[in-house]
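I hope they are handy as you look through it.

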Amino acid sequence: MFGPIASLSQLNRADGSASYKCPATGYSILGAVNAPIELPARRDALKPEEATVEVFVKPGTTTAGVGERYVEGILRSVLGKIVLGREKGFPRRGVVITLAIVGGENVERGDSYLTILPALLHAALLAMISASVPLSMTFSATLLGVTKSGDIVRDPSPTAAKAAVSLHVFAFSSKNHLLLNESEGRFEFDTWELVRERALSICQGVISSDGDVTMDEGTTSASLNGFIRETVEDQVYSDYAYKLDSI
Amino acid sequence: MSKEAQLSIAERDFILEALRENVRLDGRQPDDYRPLNISFGEEYGHVKLQLGKTNIIVRISAEVTKPREDRPFDGLFNINLELSAMGSPAWENGRTNDIEAYATNTLDRIIRHSNALDTESLCILKGVSCWSIRADVHIIDYDGNITDAACIAIMAGLQHFRRPDAVVRDGRVIVYGVEQRVPVPLNITHKPLSVTFHTFNDSKHVIVDATLKEEQAAEGDLVIGINSAGDVCYLSKYAGAPADAMAIVNKTNVAWEKVKEINAAVDKVLQADLAKRAKIGMADESRAENDRLVQIE
């Protein structure tokens, strides 16, 4: 299976940006973050001591509808928790995250929006890192589908997702804490537990029996957290190339 | 925040003074476009266009709908342009602004109202079903001149797009999948493009394809919509200082030259892309191997 492809800071006008492509599901997301930014007075009165996180999902070939509003709500609650909104310069300001679906099939009205959620989460996270928004942690997310025969499939395509009995999206923080759990369909708690374990191993890499995460070169790149880390590392490496050359 | 950062007085003076000496900020001639870069995505009708630092993605899509009551023979065609905070921090998500309304109107007038896409060919069954073609414009980086860039990208997308084949059999509409039948290109009647000029110093200096800074320093603009045959289908002097009548006549000729140039460039990229696709398609068809799909059920 091909891993995802991502790159940081492609756009000129936005404070931070990232593109993320998941070959398994075919979705390609472009994320942009503007932060900290002045918001009109009507919105910042809610929590004046914190930054307001705003998420906007722009579908590729339709106008935004109920599905987008729903997924925006999920994204806002996850990302709002990890943004350090009380850092200097952030209270009363906004963190505006714009995610455009630039490739892949459309999520039809009434179809599950969970299929695209991990890609949106990753694009938003990378864009925030690119914009240097202070974060309390990083995370990685994955989509798993359970088929009729009870097999757990990683990143099912939109058609496979439709046929699946249940769909699950999990996000784990860099410290292995469960950040987000969205499930759809019929499933039992035992199945959920199996899916959770599988998701944890996808996000964090192979966990050895003593509970340590193996940090070898080979296994880190296979895990999603390792992928996020490497993408950012590559960007930092090229950003600071001038410093490396002078050493 | 809902306003673009203004030019400083020094910057404005610099731009105007330089133009008096026939120099532009990036060293272009008054009638030069910025470097234009067009590429296509995996799907049909997915265009990525870069005009200098202005960056646009256009996606064309089609679906079967019911035609309008008063026009039972016509299909539908819509251009959808929504500015988001991605293009510029000054644009607020989910709120319309002047640029959006103006650009949408211009694109509508040039491409839709000039009938560049023959909507009658989109009819499948009179009064019952027709194709609805939709062009979605995503502005992901804004550095001036979005109308020209969006116009080029939409026209390239319409020429690149292939809709699924549909036939009527015994009064029933059958839409064939892309694998079943070769998808059909859209019927393009002519290829109009917009060329935007900006005037400076009492319309003594008129330049084409202004960057954002040049736009901010300009006193007026002039949009000419013209096709390769030289038919002017749109001319707008929307706001700002009055322009010299002779300048408009002269610039129409410049616009014609530009449109011919750009259309030729688009054609070249389009042919290269279609040739590449044909090659892959042939290779796929002549393969003896069976697809090895992982059984999911």
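1. How many residues of chain A are in contact with how many of chain B? There are 25 from chain A and 24 from chain B, where contact requires C-beta atoms, placed from the backbone, within 7 Å. On the chain A side, strand 3 (28–38), strand 4 (52–58), strand 5 (93–103) and helix 4 (158–163) each give two or more residues. That side has 12 nonpolar, 8 polar and 5 charged residues.

2. A word on conventions. This is a predicted model, with local features needing pLDDT of at least 70, side-chain atom pairs counted only at pLDDT 80 or more, and totals for chains, interfaces and linings using all residues. Residues are numbered from 1 along each chain as its sequence is written, while chains are lettered from A and ligands numbered from 1 in the order in which they are written.

3. Now to chain B as a whole. Its C-alpha atoms fill a box of roughly 70 × 45 × 40 Å along the principal axes. Chain B has 5 helices and 14 strands, taken as DSSP runs (helices H or I, at least four residues; strands E, at least two).

4. For contacts within chain B between residues at least 6 apart in sequence, 72% join residues at least 24 apart.

5. Finally, the annotation. An unreviewed UniProt entry lists "domain: Exoribonuclease phosphorolytic" for residues 33–164 and 192–241 of chain B; such annotations may be inferred rather than shown by experiment. Residues 33–164 of chain B are 23% helix and 36% strand, with end C-alpha atoms 36 Å apart. For residues 192–241 of chain B, the figures are 12% helix, 48% strand and 26 Å.

Notes: Two residues are in contact if their C-beta atoms, placed from the backbone, lie within 7 Å. Ala, Val, Leu, Ile, Met, Phe, Trp, Tyr, Cys and Pro count as nonpolar, Asp, Glu, Lys and Arg as charged, and the others, Gly among them, as polar.
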